[in-house]
Amino acid sequence: MEEREGEVRWDGLCSRDASTRDAALENIRQAVLRRTAQISPVKEDPPPESSEGRLTSATALDRLNEMLARLLMLSKRCPFRDVREKSESILKNVQELGIRIPRPLGHGPSRFIPEKEILQVGNEDAQMHTLFADSFATLGRLDNITLVMVFHPQYLGSFLKTQHYLLQMDGPLPLHYRHYIGIMAAARHQCSYLVNLHVNDFLHVGGDPKWLNGLENAPHKLQNLGELNKILAHRPWLITKEHIETTESFCEVEALMEKMKKLQECRDEEEASQEEMATRFEREKRESMFVCCSEDEESAPTRDVSRHFEDTSYGYKDFSRHGMHVPTFRVQDYSWEDHGYSLVNRLYPDVGQLIDEKFHIAYDLTYNTMAMHKDVDTSMLRRAIWNYIHCMFGIRYDDYDYGEINQLLDRSFKVYIKTVVCAPEKTTKRMYDSFWRQFKHSEKVHVNLLLIEARMQAELLYALRAITHYMT
C-alpha cells in the first residue's frame with residue numbers, strides 16, 4: 001500500500017500494531033495539511049494567474065484530491081477502528097478549511113444488492129474481523145468483491161488465501177506479470193473495476209506504465225497469452241495442444257493454472273440407462289443454444305479497456321450452431337481428480353491444494369435453507385446449476401440425468417446463468433432481480449460463486465487437456 005508521494009507513506013496503516021498505525025496517521029495528517037496550505041479555497045473573483053501558476057495549482061489540487069479520496073475510503077472500509085476515526089477527523093478538518101471533499105462514486109459494493117443489506121465494516125464479528133484485517137494487511141484495501149462475499153465467510157477465507165498465494169507469494173511468474181494477466185482477463189469482459197484494481201497493483205509492484213498503453217507494448221510472451229485469454233474467456237472448447245505450443249514456456253502454461261478448479265465427485269442418483277442419459281445431455285445442450293444472453297441496453301459505466309486485449313469482436317458463440325461440431329467432452333475421460341490435479345501439482349506445487357479447497361467450499365457450501373424454508377437439502381439444485389453450465393460448454397457427466405435441469409431451472413434463471421457465465425459485461429440489475437425473487441441476497445451471491453467456479457472449471461478442463469496432450 002506504499003504510495004510513492006515523497007514523504008507520504010500509507011503502508012503503516014496496514015500494520016496490526018496500533019502505535020505504528022498512529023504514527024502513520026500523524027504523518028499523513030501533516031502531509032494533508034501541507035498540501036491544503038498550498039491551495040486556497042475557491043473565491044467568487046479569484047485574482048488572475050499565469051498559465052504556469054494555474055498548472056501548479058491544478059497539480060497540487062489533483063494530488064490533494066487523491067489523498068482525500070484515499071482517506072474517504074479508509075474512513076469507510078478500514079477494519080481498524082482507529083484508522084477509520086482518524087481518517088474521518090482529517091477529512092472534517094480539511095472541509096472546515098474550505099476544501100471540497102470527494103464524494104463516493106457509488107452506493108455500496110454492489111449495484112444489485114442494497115447497501116443496507118451488506119455487512120458494514122465495523123459491525124463484523126470476530127471471525128469476519130480477522131478476515132478483514134488479513135485482507136487489509138495484505139492488499140491495503142477491502143474491495144467490493146470481498147465485501148459482497150461476506151455473506152459466506154468460509155468461502156471468503158478460502159478465496160482470499162488462494163488469491164494471496166497466486167498473486168503475491170513466490171511463484172514462477174514475476175508479480176507484475178501476474179497482475180498484467182489479471183488486467184487482460186478482466187478487460188476481456190470489460191470489467192473496469194477489476195482492471196483498475198490490477199492496474200494499481202501492477203504499478204505498485206514495479207510494472208512498466210508503458211505496458212498499460214496497450215497489449216502491443218507488453219512483452220511478446222504476454223502478447224502470446226492474448227489468444228489463449230480470448231479463447232478461454234469465450235470458447236474454451238477450441239483450445240488444443242497447438243495453442244499451448246505457441247506460448248513456448250512453462251511460465252505461460254502455469255499462468256493458466258491460476259484458474260484451476262476442482263471437479264466435485266457426484267453421487268450416483270440415476271436409474272436411467274447410459275444411452276438415455278446421453279440423449280438427455282444432447283437435448284439439454286441443444287436447448288441451451290436457444291437461451292440467449294441478455295441484450296439489455298443497461299450497462300455499467302466503464303472506461304475504455306479495449307487496449308488491453310485484441311480482437312474486440314470475438315465473443316461467446318454456441319459451439320454447435322452454424323454447422324460447427326465439437327466432440328462432447330466426457331469428464332470420465334479427463335477429470336480434475338484423475339488428471340488435472342496431479343498436473344497442477346507437478347507444475348506449481350501447493351496451488352492445486354489451495355484451489356481444491358476453494359472449489360470444495362463453493363460447491364458444498366450450504367446453510368440448508370431456501371428462502372424462508374429451513375432444513376432443506378440443496379445438493380440436487382447445486383449440482384443442476386453446476387452441470388448446466390458445463391453442459392453449455394459441451395462437458396458431459398455420464399452419471400448425471402440432464403432431465404433434472406429443466407425441472408429445477410426456469411428460463412429466466414437460465415438466461416441469468418448464461419449471461420453471467422458467457423457475457424458477464426451484459427448482466428443487468430433487472431436480470432438479477434428477475435430470478436428467485438423470494439430468495440435472500442446471500443443465496444443469490446452463492447449462485448454467483450457457483451457460476452464463477454463452474455465456468456472456470458469448464459475453461460480449465462479444456463486447457464489442461466490440451467496441456468496434457470502437448471506434454472505427452
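How many residues does helix α14 have, and how far does α14 reach from its first C-alpha to its last?

**Figure 1. Overview of the predicted model.** This is a predicted model: local features need pLDDT of at least 70, side-chain atom pairs count only at pLDDT 80 or more, and totals for chains, interfaces and linings use all residues. Residues are numbered from 1 along each chain as its sequence is written, and side-chain values use heavy atoms, with hydrogens and water left out. The protein has 19 helices and four strands. Both are DSSP runs numbered from the N terminus (helices: H or I, at least four residues; strands: E, at least two). Of the 472 residues, 50% count as buried. Buried means under 20% relative accessible area, exposed over 50%, and partly exposed in between (1.4 Å probe, protein chains only).

**Figure 2. Helix α14, residues 351–364.** α14 has 14 residues and reaches 20 Å from its first C-alpha to its last. That is close to the 20 Å expected at 1.5 Å a residue. The expected span is 1.5 Å times one less than the number of residues. α14 is mostly covered, with 10 of its 14 residues buried. Among them are V351, L354, F359 and Y363.

**Figure 3. K358 in helix α14.** Is K358 buried or exposed? K358 counts as buried because its relative accessibility is 9%. Leaving aside residues up to four places away in sequence, K358 touches Y155, S158, F159, T162 and E453. Contact means heavy atoms within 4.5 Å.

**Figure 4. Helix α13 (residues 336–347) against α14.** Two packed helices are described by the angle between their axes and the distance between the axes. Here the axes come within 8 Å and cross at roughly 135°. α13 is therefore oblique to α14. Axes are lines fitted to C-alpha atoms, for helices over the stretch in contact, and angles run from 0 to 180 degrees between N-to-C directions. Under 35 degrees counts as roughly parallel, over 145 as roughly antiparallel, 65 to 115 as roughly perpendicular, and the rest as oblique. From α13, W336, Y341, V344 and N345 meet V351, G352, Q353 and D356 of α14.

**Figure 5. Helices α7 (residues 175–188) and α8 (residues 192–204).** Their axes come within 8 Å and cross at roughly 165°. The two helices are therefore roughly antiparallel to each other. In α7, the contact residues include H176, Y180 and I183. In α8, they include L194, H198 and F202.
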